Every structure is written in structure tokens, then in C-alpha cells.
Amino acid sequence: MARAERARRRGRGRSLAPFLAALLALAAVGGGTYLLVADRSSTPTSSAPPSSAPTPSGPTGKPLAGRALALQGLRGRALLTPECAPIKGPRWVYPVAPPVRGLPNIVANIKSDLYEVFAIKYSCKQASAWIRKLYGLRIPIKHSGDVTVLKGPPGYYCSAWPDANGRAYAGGCQAKGGGGCVTTKIAAGRPYANGRGCKLTGGKKAFGWNWNVANRRVVFAHDAKGVLRLIHVSGSDTDVIFRYLNGSYQLEVLNTSGIGYLNGFTWTPSPGWSVTGIKTSTGAACSVTPAGKISCAGTVRPPSCLCTGDGGSVSITFTAAATKKTHGYLFGGGPAQFKVTKMTPVPYLIPGTPEEAAKRDGV
């Protein structure tokens, strides 16, 4: 094995249910890129320091947390169509899939009392009013990941996903009873339908909530004619790099998420190895657990755009020792080694293209 190995693991070790039908139906397998028309009459408010800003802190100098941290991201950030000002509501808890035999348990501590809101050819005020009626509903927790249809505005198809407690924490509504997906020749971004994209056949009015959490790699983008499209972008919530150094090892973690701040994660060495000590750590407070793992906590900011690598990062230099004779090499890119344990969702849509980011002063 080469002395310097670079192993990336894209993902955070937790699953997300398949996506909604109609407006919010970006199927986890096969789906499409949807064509939507921007509503210039919706006037979101202005509100986030660039991602290169230092870790947010309060008057006492202590790092912000919870709602204060989430709202900090809106300061100085322009909310543009189809974004609306976030609303406060019942606390939701991000759902995780049931345990799978033979695989490590999924960890995902993501919760908030803020809801991201968007509205297309529909007023933000009306959208927020309807969302307040819908997010309080209790709906079945379906292990299949299917949505539950809700009764919303007359003539609209509405559906939502349940949070861990069965609350309709994320969903959306589309005019004219929703619609199917017709294949087009759209080449922008990375559309789902075999690279051909797809056009929504239902009404052009729509609104939704917590899109950035439920569809974190599906972003809004305006084309040259001002038409609003949904495109799927590649990547994941974290980018992890493992390196061999002279007598020690290094782990680098970059926040590339569309959800928000990275607040905690763990890294487990490969079988037959144990972490013995941390020499340096920057970007978060890291320690070695009794089980020989690395555990970190901090406030690692999200990227200004999913198209850049300017999110916050954590760098850890550590030592490790073999615990078994048949230990083999220490490696760092195994799918079960890195786990995000806590995140703070931001109540806005992180742009997915340079053009959209520039409009929001993010890049």
C-alpha cells in the first residue's frame, strides 16, 4: 500500500426516505428535474454572513447554538424567490430509518423549531399560513418512506413526510392536483431521468417547507430566461480525507451539507486498531473515547454554495496502535467509520450553483 493514502468517504451514515410524488416527488431511484416558473410577486425578506466568516458567538463570546445559531445564518443574506422568511413552529426531530441487521445503528441528532419556507407563484404570507396548519398534523410513520397526502388549499395536491414523532415536518403543495413528470431534453445540472430531466405537468403554483432538509441535494436554479428549475447536484453532507503522516495520521472533515452546521461526529479506526491520542485538532474540540474512537464537537459552518468547498473544516492529527496481530493496515475511508452525530439545520436554501450563490452574496 502506498505510504500516502487519500481516502474519501461521501456520506454521513444515515438514510433518508424516498421523495414526494408531484412537486416534491423526486424519487430516490429514477425521478426527474422539474420545471417551475418563478414568482416575481413573492417578496422574501432580506437576511448570513459568508461561509468564510468565523464561528458565530453570542455576547458572552460563547458559540451560538440551537435557534440562535440557525438564525445567525440569515444575517446579511438575501432571500430571493422562491425563498420566504422562515417560520417558527413545533419542534421537529429528523427521522431515521429502522435498524438494519448487520449494520451499525444510524445516528442523526437534527432538530429545530424553525421551518424553511419557499413559494412559487404563490404569496409567502399565504404559504406560511397554510404551512402552520399542516406542520402540526400527526401522520403515519411509514417504513417504506412513502408520503402522506394532506388536505390543503382547494385544488392543490399536498403531501408530507413524518418526523421521528409523526409530525408533518416537511412537505409541499402544488396547484391543479399535482402532476406527473414528462421527460425533456434539459441538460442543466445533473437531472434524474437518465440525464434528460423532466417537466412538471401540474400547476405552476406551489409552496413547501423544510425542503433543505428533506431534499438536501436538490436545488433551485434560474436559467437564462428566468425559469426556475430543480436540479440534482452531486456530493454529500461531508467530505472526509484520511492521510498517513510520518509516525501519525491525519483526518480532515469538510462540511459540504445543504442542511446546515455540523456540530458533532465520530470516526472509528479500521478493525484491529485503536486511536491512542490526539496531537492537534482545529475547527472543533476532539477527544479519544474509551473505545479508541475520535469524537468531535463544535460549530462547523455550512458552505455558501453546494458548488464550492468553502464550508467549515476540522483537521485532526492523531496517533493509533494495533490491537490485534491480524490488524492489517489502518485505513480511514470505510463506509461505517465516519458518522455525523449532530447538526443544526439552517432555515434557508443553500444555493447549488455559482449564479444562485452570487445573487445571495454567498460567493
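Predicted model: local features only at pLDDT ≥ 70, side-chain atom pairs only at ≥ 80, totals over all residues.

Modeller: Start with Cys84 and Cys124. A disulfide joins these two residues, with 2.1 Å from S to S. The link connects distant parts of the chain. Cys84 belongs to strand S3, which covers residues 83–93. Cys124 belongs to helix H2, residues 124–134.

A disulfide is a covalent bond between the sulfur atoms of two cysteines.

A search of the whole structure finds four disulfides. Two others are worth a look here.

Take Cys158 and Cys173. They are joined by a disulfide, with an S to S distance of 2.0 Å. Cys158 lies in strand S6 (residues 156–162) and Cys173 in strand S7 (residues 168–175), so the pair ties together parts that are 15 residues apart in sequence. The angle about the S-S bond is 120°, and the link of Cys158 and Cys173 is right-handed. Cys158 and Cys173 are both buried.

Now move on to Cys286 and Cys296. A disulfide joins them too, and the S to S distance is 2.1 Å. Cys286 is in strand S17 (residues 285–288), while Cys296 is in strand S18 (residues 294–300), so the link ties together parts that are ten residues apart in sequence. The bond has 115° about S-S, and the link of Cys286 and Cys296 is right-handed.

How buried are these two? Check each one against the cut-off: buried means under 20% relative accessible area. Cys286 has a relative accessible area of 15%, so Cys286 counts as buried. Cys296 has 4%, so Cys296 is buried too.

The strands around this link deserve a look as well. S17 and S18 pair in the antiparallel sense, over four bridges. Within that pairing, Cys286 stands opposite Cys296 in S18. S17 and S18 form a hairpin with five residues between the strands. In this hairpin, Gly292 takes a positive phi near 80°.

Now put the pictures side by side.

Notes. Residues numbered from 1 in each chain as written. Heavy atoms only, no water. Disulfide = S-S within 2.5 Å. Helix = DSSP H or I, 4+ residues; strand = E, 2+ residues; numbered from the N terminus. Buried < 20%, exposed > 50% of the residue type's maximum accessible area, 1.4 Å probe, protein only. Pairing = 2+ DSSP bridges.
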